[in-house]
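Keep the picture open while you read.

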Amino acid sequence: MTESNGPPATTRRRFLTGSLVAGGAMVAGGRAEAAGDPAILEVKPWAQILGEGVDARPYGTPSQFENHVVRRNVPWLTADPISSVNFTPLHELDGIITPNGLCFERHHAGIAEIEPTQYRLMINGLVEKPIVFTLEDLKRFPRENHLYFLECAANSGMEWRGAQLNGCQFTHGMVHNVMYTGVRLRHLLERAGVRTNGKWILAEGADASAMTRSIPLEKALDDCLVAFKMNGEALRPEQGYPVRLVVPGWEGNMWVKWLRRIEVGDEPWHHREETSKYTDLLADGRARRFTWVMDAKSVITNPSPQAPITHGRGHTVITGLAWSGRGTVPRVDVTLDGGKNWRQARMDGPSLPMSLHRFYFEFDWDGRPLLLQSRAHDSTGYVQPTKNELRQVRGENSIYHNNGIQTWYVNEKGAAENVEVS
Ligand code: MTE
Ligand code: CO
């Protein structure tokens, strides 16, 4: 840029001097204070008294200043909390691991509290030898560790017909990403001996909803896990303690919690959760069924309606999450103008199949309104569609499997709002 394109040198200098006197100039993300900042100059109370000892928190909890970082529900979606959902606060998190206490919950009959010595898993149906495992039995099979996302098929379901919920916690927070420890379901099925006519399994939960889903045997023998640890510790009761099924890349409803029975059969069972629910009604009145895989999706988590830009114009960091049930997400694009111009975001952290991926996009914000979007490209070459592209194919009756591109409008003050661009 030539000098004539910028402000005259004297003006620029005057501007800088003025800011310094006011004590608020930002220098490369830091704060240059001429008058002195009490937060750095004063000796604070926490430096003048002894703190709590190592006996104060036998099981640690977050800082008292983080107590707003919690799962939240949407009151009008929660007629009864026993069969309802709460949402992961994605806008408060970074990296790719979801802390155990913040994983969204979806229960159809509340949380079953299972006494672990009373826990049993039965395999029956088309097997040579029906078999019952205790928790201890399960832990004697070879253990594996895998980081996988779980996304409810209904994630973003309220957004099919237009922008509705104001916050990525509510539009996208039915997803979590956890390091599971467990054993391959394949080992358990092999112990029971699947008969040659066995083609499907039925996974059944021990809660009062007896959640039951049909899963093709091929998937069951591939990467499904019977998991008992999450992020290193025992599963939380709300995530299926002591044992849940892990069905990598497939819709959350199939990840049966409080797993008590696996039946082997020669055809699917057509239970409620695969007929009246978890099917996608198309425009012509027919329904798609057995849409198991979660398609590639992404969302900008910051800024977003619950996390506005508060520092004013200047250098800012956009971040978000991307995932695909078909593999990894090697690339995410970001647009600042509602899709006219796309720029590649910077991927950071491990890139693991069927796990969340973290992306960042750093830029100098000139203070003008933004229409922020992100677009995931997965390792199969699939590109995340716009919401209108989805509606053209699937109509407007759907709830499940909405992986359309999300738009946040950011105004000149930095406040963000859920909108759609046509
Ligand atoms: N398993 C049982 N036994 N009961 C349930 O209500 N809900 C399902 C699935 N497994 C459910 C279940 C649904 S719809 C989802 S999205 C996931 O569990 C939610 O898992 P989470 O509560 O660990 O987030
Ligand atoms: Co669900």
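Start with a lining: sorted by class, the second largest pocket is surrounded by twelve nonpolar, seven polar and five charged residues. Here Ala, Val, Leu, Ile, Met, Phe, Trp, Tyr, Cys and Pro count as nonpolar, Asp, Glu, Lys and Arg as charged, and the others, Gly among them, as polar. Before going on, a word about what you're looking at: this is a predicted model, where local features need pLDDT of at least 70 and side-chain atom pairs count only at pLDDT 80 or more, while totals for chains, interfaces and linings use all residues. Residues are numbered from 1 along each chain as its sequence is written, chains are lettered from A and ligands numbered from 1 in the order in which they are written, and side-chain values use heavy atoms, with hydrogens and water left out.

Back to that pocket. Its volume is about 430 Å³, and of its 24 lining residues, Arg-106, Ala-154, Met-158, Met-174 and Tyr-400 lie nearest the centre. Strand 3 (84–85) and helix 4 are the elements that give two or more residues to this lining. How do you find empty space in a protein? Rolling a probe the size of a water molecule over the atoms shows where it is left. On a 1 Å grid over the protein atoms alone, a cavity is a set of points where a 1.4 Å probe fits but cannot get out; a pocket is an open set with protein on both sides within 12 Å along at least five of seven lines, and lining residues have an atom within 4 Å of a point. Grid points are joined across faces, edges and corners, and a volume is the space filled by probe spheres set on the points.

The largest cavity has about 240 Å³ of space. Its lining has 20 residues, with Arg-106, Arg-244, Gly-252, Trp-255 and Lys-257 nearest its centre. You've already met Arg-106 beside the pocket.

You'll find Met-158 in the loop between strand 7 (143–151) and helix 4 (168–172); helices (H or I, at least four residues) and strands (E, at least two) are DSSP runs, numbered from the N terminus. Met-158 has 30% relative accessibility, so it counts as partly exposed. On that scale, buried means under 20% relative accessible area, exposed over 50%, and partly exposed in between (1.4 Å probe, protein chains only).

Zoom out for a moment. The chain has seven helices and 25 strands, and its C-alpha trace spans about 90 × 65 × 40 Å along its principal axes. Of its 422 residues, 49% count as buried.

Now for the charges. The whole structure has 26 salt bridges, each one a side-chain nitrogen of Lys or Arg within 4 Å of a carboxyl oxygen of Asp or Glu. In one of them, Asp-94 meets Arg-358, at 3.5 Å from N to O. This pair links distant parts of the chain, 264 residues apart: Asp-94 sits in the loop between strand 3 and strand 4 (106–107), and Arg-358 in strand 22 (residues 357–365). Are the two partners buried or exposed? Asp-94 is partly exposed at 47%, but Arg-358 is buried at 2%.

Another bridge joins Glu-420 and Lys-387, with the closest N and O atoms 2.7 Å apart. Glu-420 is in the segment after strand 25 (416–419) and Lys-387 in helix 7 (residues 387–394), so this pair ties together parts 33 residues apart in sequence. Glu-420 is partly exposed at 29%, while Lys-387 is buried at 9%. Elsewhere, Glu-204, Arg-260, Arg-261 and Glu-263 are linked in a network of salt bridges.

Finally, the backbone. Most residues other than glycine have a negative phi, and most peptide bonds are trans. Which bonds are cis here? One joins Tyr-241 and Pro-242, with omega about 5°, and another runs from Asn-302 to Pro-303, with omega near 0°. Pro-242 lies in the loop between strand 12 (233–234) and strand 13 (244–246). As for phi, Ala-210 has a positive value near 45°, and His-270 has a positive one of about 55°.
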